[in-house]
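Biologist: Can you put the structure up and take me through it? I would like to start with the contacts and then go wherever the questions lead.

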Amino acid sequence: MPKLIPVADELSKPFWDAVNAKRLVLQRCTGCSKLQYPPQKTCQVCGNAALEWKEVSGKGHIATYIVIEDGRLNRRMPDQPYNLALITLDEDPTVNFYSNLPGTPPYKVPVGAAVEVTFEDVAPGQLIHEWCVVN
Amino acid sequence: MAAANDYKWRRDKDGQGVWEHRGKVAIAGLGHSPVDRRWDGVSMDQTLGAYCILACQKAMDEAGITADQVDGIICCDSHIAGPSGGSASKWAPRPYFDSPYDSELGLTLVNAEWLIKTMGLKNVKFAPTKLPTIGEMVGMAAQAVGDGMCTNCLMIYPCGNLEGRYRRGGENADDYARGPRQWTVPWGNHGGNDFINTFPFNQYCLKYGGHHDDLAPFVINQHKNGMLTPWGFNYNHDIEPITVEDYVKSRYILNPLRIWDCDRPVQASTAYLFTTADRAKDMRQKPVYVLNHSQHNFKQPSTQADLDTIEKWTDHAAKRMYEGAGLGPKDVDLFNPYDGYSVMTQFYLEAFQWHGVKRGDALQFYAGDISVKGPHPFSSSGGNLGNGRTRSAMYTDSIEQLRGTAGARQVTVRAETALAAFTTPPSGGWLMLGKHPN
Ligand SMILES: [Zn+2]
């Protein structure tokens with residue numbers, strides 16, 4: 001069963017366009033250089049509205065995880081149980097992402113392990129960013 | 001009444017000093033409807049509207065005032081199951097009933113306008129709309145009375161539940177992830193306090209040591225306190241407290257979050273009567289004074305708040321509340337934080353440092369004596385885990401403890417101040433109550 005399909009809006013369109021081109025880009029404040037994700041209208045640190053899109057390395061680590069055994073999303077029911085890990089970005093560990101850790105069986109999550117970004121089809125022409133454990 | 005919507009009532013900034021109305025506002029009445037698991041769709045005396053009217057009537061009777069004396073109504077749209085409610089959140093498309101149940105109002109929604117009309121409240125001059133949930137409404141009621149917007153203010157919290165599984169359907173049945181959900185649901189986070197708190201709880205165990213199942217004594221104690229609460233769901237449905245074995249063998253929802261970590265959605269309503277301290281003295285009950293109210297709404301820095309963020313937020317909320325109350329951790333006798341998911345309660349306990357509990361101490365504290373008759377009667381209300389998801393047990397118990405009318409739950413330690421909340425780490429509010437105005 002495929003995952004839910006993100007619907008881009010004005011703010012997020014550059015992000016999803018990049019993901020569809022298999023690139024992970026984040027907002028970076030031109031004033032204080034803070035990276036932020038998900039996208040916002042202004043810098044969460046200094047309030048600056050001048051934000052640029054910056055491609056990041058796509059390397060991270062697993063901070064912790066849960067296993068969804070009885071979630072509420074219809075579309076994901078057949079996937080249960082599945083991992084939901086919290087990934088911190090190496091360039092700035094205050095930036096984090098969710099991941100189902102494709103390739104890692106449920107409950108077998110190596111907390112603290114290195115991961116790298118990958119891209120997964122969720123609908124024709126729509127990718128999402130996912131993370132895989134680096135062996 | 002439209003002006004009420006522009007009313008600036010929140011105490012959500014730092015450095016505001018001691019609350020200007022400290023001890024000048026009181027809670028003089030409380031009322032609970034029965035607490036049912038769901039509305040059966042047939043019994044018109046058990047609709048959410050009927051239960052709200054019943055709760056209001058009880059609160060007025062308890063205080064000894066009449067409907068004509070009520071001049072303020074603070075009532076949010078009911079929280080059945082929130083925006084992703086699905087089948088349990090809306091009566092339609094089924095046919096409605098005769099007036100006053102000829103729309104969702106009274107069935108799944110209750111608001112001030114409907115209550116004023118249905119209850120025939122003639123003298124209400126303050127009835128704001130678009131209100132937040134109970135955690136903030138109690139603060140609004142206290143501020144409104146203090147500011148003279150109204151004198152006898154009923155604050156009502158409707159909490160409904162129809163048949164169907166909790167928050168299935170609605171946007172959770174959508175194939176698409178829209179708006180802020182584009183950053184969460186593709187990976188399976190349906191949004192809510194369960195996700196907000198389970199990740200940082202795992203990090204908590206990693207950082208301080210401990211295991212999810214160390215929550216068992218807390219959850220069991222909530223059940224025990226619930227069985228000492230005559231208005232609650234558990235008490236009225238003979239729900240025997242679970243055992244440690246029941247807990248550790250129970251099924252997972254979001255592993256490690258277990259079914260017993262989640263409160264039980266119910267159909268119920270609670271009402272409180274706020275008035276001035278001066279008027280409260282002449283009413284039927286011993287006044288319980290409001291010593292401060294505070295709110296917070298913190299911005300999440302990334303996809304998921306981590307442990308550091310949650311600790312920073314809750315520390316911040318505690319500091320703000322203590323400052324406005326002019327009190328510190330040692331001054332708080334009763335502590336009734338939110339427990340709707342058990343994995344979050346330790347964050348509040350440690351932030352407010354109740355009974356000296358500091359960061360990383362909570363699981364050990366839970367393993368000690370936290371019973372209502374012991375030295376550390378933590379969450380003496382039984383909260384939502386022990387009474388059903390009315391989101392009001394924390395307030396009602398605090399009021400009753402300070403009045404000295406908590407019955408079998410009455411604590412044996414000093415009971416002169418109480419902190420209560422319905423809040424999440426990022427948003428909500430706290431209420432400090434006192435037996436004395438000073
Ligand atoms: Zn900046």
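**Contacts and folds**

Modeller: Start with contacts in chain A between residues at least 6 apart in sequence: 53% of them join residues at least 24 apart. Keep in mind that this is a predicted model.

Biologist: What is the figure for chain B, counting contacts between residues at least 6 apart in sequence?

Modeller: In chain B, 76% of such contacts join residues at least 24 apart.

Biologist: Back to chain A. How many helices and strands are there?

Modeller: Chain A has one helix and nine strands. Along the sequence the order is β-α-β-β-β-β-β-β-β-β.

Biologist: What about charges in chain A?

Modeller: There are 13 positive and 15 negative charges in chain A, and their mean positions are 1 Å apart.

Biologist: New topic, rings. How many aromatic pairs does the structure hold?

Modeller: Over all chains, 32. One of them is A:Phe15 with A:Tyr37.

Biologist: Why does that pair, A:Phe15 and A:Tyr37, count as tilted?

Modeller: The ring centres are 5.5 Å apart and the planes of A:Phe15 and A:Tyr37 meet at 45°, so the pair is tilted. Planes under 30 degrees apart would count as stacked, and over 60 as edge-to-face.

Biologist: Where do A:Phe15 and A:Tyr37 lie?

Modeller: A:Phe15 is in helix H1 (residues 13-20) of chain A, while A:Tyr37 is in the loop between strand S3 (35-36) and strand S4 (51-55), so the pair ties together parts that are 22 residues apart in sequence.

Biologist: Is A:Phe15 buried or exposed?

Modeller: Buried, with a relative accessible area of 0%. A:Tyr37 also counts as buried, at 1% relative accessibility.

Biologist: Which kind of pair do B:Phe218 and B:Tyr366 form?

Modeller: A stacked one: the rings of B:Phe218 and B:Tyr366 are 4.8 Å centre to centre, with 15° between the planes. B:Phe218 sits in helix H5 (residues 216-226) and B:Tyr366 in helix H11 (residues 362-367) of chain B, so this pair links parts of the chain that are distant, 148 residues apart.

Biologist: Are B:Phe218 and B:Tyr366 buried or exposed?

Modeller: Both are buried. They also belong to one aromatic cluster, whose members include B:Tyr322, B:Phe335, B:Trp354 and B:Trp430.

Biologist: Now the rest of chain B. How many helices and strands does chain B have?

Modeller: Chain B has 13 helices and 11 strands. Its radius of gyration is 20 Å, which agrees with the value near 22 Å that a compact globule of 438 residues would have. The C-alpha atoms fill a box of roughly 60 × 55 × 40 Å along the principal axes.

Biologist: What share of chain B counts as buried?

Modeller: Of the 438 residues, 63%. The accessible surface of chain B is about 15,400 Å², and 52% of it belongs to carbon and sulfur atoms.

Biologist: Last one: how many positive and negative side chains are in chain B?

Modeller: There are 44 positive and 47 negative, and the centres of the two sets lie 2 Å apart.

Methods:
Residues numbered from 1 in each chain as written. Chains lettered and ligands numbered in written order. Predicted model: local features only at pLDDT ≥ 70, side-chain atom pairs only at ≥ 80, totals over all residues. Heavy atoms only, no water. Helix = DSSP H or I, 4+ residues; strand = E, 2+ residues; numbered from the N terminus. Contact = heavy atoms within 4.5 Å. Lys, Arg positive; Asp, Glu negative; His and termini not counted. Charge placed at Lys NZ, Arg CZ, Asp CG, Glu CD. Phe/Tyr/Trp six-rings, centres within 6.5 Å; stacked < 30°, edge-to-face > 60°. Buried < 20%, exposed > 50% of the residue type's maximum accessible area, 1.4 Å probe, protein only. Rg over C-alpha atoms; globule rule 2.2 N^0.38 Å. Areas by Shrake-Rupley, 256 points an atom, 1.4 Å probe, with all protein chains shown as cover.
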